[in-house]
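Please open the model in your viewer and keep the selection panel at hand.

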Amino acid sequence: MYLMYDRPLGQFLPKSLKKLKLQQTDVPLFVSWLDAVRKIPCFNLRSLSLVVDVISDDLLITVMHSLPRLELDLEDRPFMEPSVRDMTNIGLLALKFCECLIVLTIVRSEMNYPSFKRVKNIGMFHVSERCRRLESVKLGGFAKVTEAGYSSILHSCRNLKKFEVLTSPLLSDSVFDNMIGVARKICKTLSMLDVGYIPKITDATIFTIIDAAKALSDLYLRFCNEVIDDAIRILMDRPNHNSSQLQRLVLCNCRGLFAMLPQPQNAFRGFVWLCVELSRIVYKRDKLYAIRKGLPRLVVCGVGCEFGCCDGWQWHKIR
């Protein structure tokens, strides 16, 4: 829904509105809208998605106080180095007002200034302590958060189905080492895992993931250069293993892969989508053609889509 800046809020926000998505939002104007939202009888917004220049503590605190029952999706794209306005651990503490939160996305774009430099592990502890009902978590750009911060979410959020971590240079294999020991309902419910842009992820992580996450269907491994063929082979050619649940696999820019692809009659069972942009697999055209021929329902993408070539998110010619 698009909002007009020069009209009173009540004229164009229906009372039945449940989901609101705003692109390139002016934060002061949006905060003034929230003041008006409180005054609309029976207003019951459940899902809020914002793209702003900088995610600040004030924005988080205002949103949490005004709209405590939310699916919250925040992305910022700073055009200059954020300073005092930038989000801190205090902003994440505001999530204590939203204990019913089930979806949380906080991402800083990689285009210009890709990290929240004022958020550390304590910020993730606030999330894990207050938002135990979370089912979907996507966090990007938290350069000073370590394994301890992310592990606290894995331990606390027993209903977690989707867990994405992007651009986190301090994260390594150890965050997944105790995944099996986490009280896991997660082991039975986690279906989507994104560990892209984490250069320290290795085969050991992949082995842990496929042993622990029995319901995993989507696995995203962008720019994981330490992941090599051994782990990928296990994902593809062990039909009786937990990895047989996989349907979508992203291997974009995994430079450690030498593309020892198994034959389609022995692998890829259950797969519907494989993304291999800028990995050595792209050059194994003969094997890719054999796989496509043997498994006609499998889409092999060499362009680097985020979600899948045929689900409406991105369209291009499949190479």
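Begin by selecting β2, α2 and β3, which together make a right-handed β-α-β unit; a crossover is called right-handed if, with the strands pointing away from the viewer, the path from the first strand over the helix to the second runs clockwise. Helices (H or I, at least four residues) and strands (E, at least two) are DSSP runs, numbered from the N terminus.

Before going further, note that this is a predicted model, in which local features need pLDDT of at least 70 and side-chain atom pairs count only at pLDDT 80 or more, while totals for chains, interfaces and linings use all residues. Residues are numbered from 1 along each chain as its sequence is written, and side-chain values use heavy atoms, with hydrogens and water left out.

**Colour by confidence**

Colour the chain by pLDDT, the predictor's confidence in each residue, from 0 to 100. The chain averages a pLDDT of 77, and 76% of the residues score at least 70. Where pLDDT is low, the predicted coordinates should not be read in detail.

**Strand β2 and its partners**

Now select β2 (47–52), in which 6 of the 6 residues are buried; buried means under 20% relative accessible area, exposed over 50%, and partly exposed in between (1.4 Å probe, protein chains only). Both faces of β2 are covered, with Ser 47, Ser 49 and Val 51 buried on one side and Leu 48, Leu 50 and Val 52 buried on the other. Then show β3, which pairs with β2 in the parallel sense over 6 bridges, and find Leu 48 opposite Leu 72 in β3.

**Two helices with buried residues**

Which residues of α2 are buried? They are Asp 57, Leu 59, Leu 60, Thr 62, Val 63, Met 64 and Ser 66. Because 7 of the 10 residues of helix α2 (residues 57–66) are buried, this helix is largely enclosed by the rest of the structure. Its buried residues pack against α1 (27–37), β2, β3 (71–76) and α3.

Move on to helix α4 (residues 121–130), where Asn 121, Gly 123, Met 124, His 126, Val 127 and Ser 128 are buried. What covers the buried residues of α4 includes α3 (89–93), β4, β5 (136–140) and α5 (147–156).

**The aromatic pair**

A search of the whole structure finds 1 aromatic pair; rings of Phe, Tyr and Trp (its six-membered ring) pair if their centres lie within 6.5 Å, planes under 30 degrees apart counting as stacked, over 60 as edge-to-face and the rest as tilted. Select Phe 116 and Phe 142, a tilted pair at 4.8 Å centre to centre with 35 degrees between the planes. Phe 116 is in the loop between β4 and α4 and Phe 142 in the loop between β5 and α5, so placed that the pair links distant parts of the chain, 26 residues apart. Both Phe 116 and Phe 142 are buried.

**Salt bridges**

Finally, show the charged side chains, for which the count comes to 8 salt bridges, each being a side-chain nitrogen of Lys or Arg within 4 Å of a carboxyl oxygen of Asp or Glu. One of them brings together Lys 161 and Glu 135 (3.8 Å, N to O). Since Lys 161 lies in the loop between α5 and β6 (162–166) and Glu 135 in the loop between α4 and β5, the pair ties together parts that are 26 residues apart in sequence.

Next select Lys 138 and Glu 164, whose side chains meet in a salt bridge (3.9 Å, N to O). Lys 138 lies in strand β5 and Glu 164 in strand β6, so this pair also ties together parts that are 26 residues apart in sequence. Lys 138 is partly exposed at 23% relative accessibility, whereas Glu 164 is buried at 5%. Glu 164 forms a salt bridge with Lys 162 as well, the closest N and O atoms being 3.3 Å apart.

Key: Contact = heavy atoms within 4.5 Å. Pairing = 2+ DSSP bridges.
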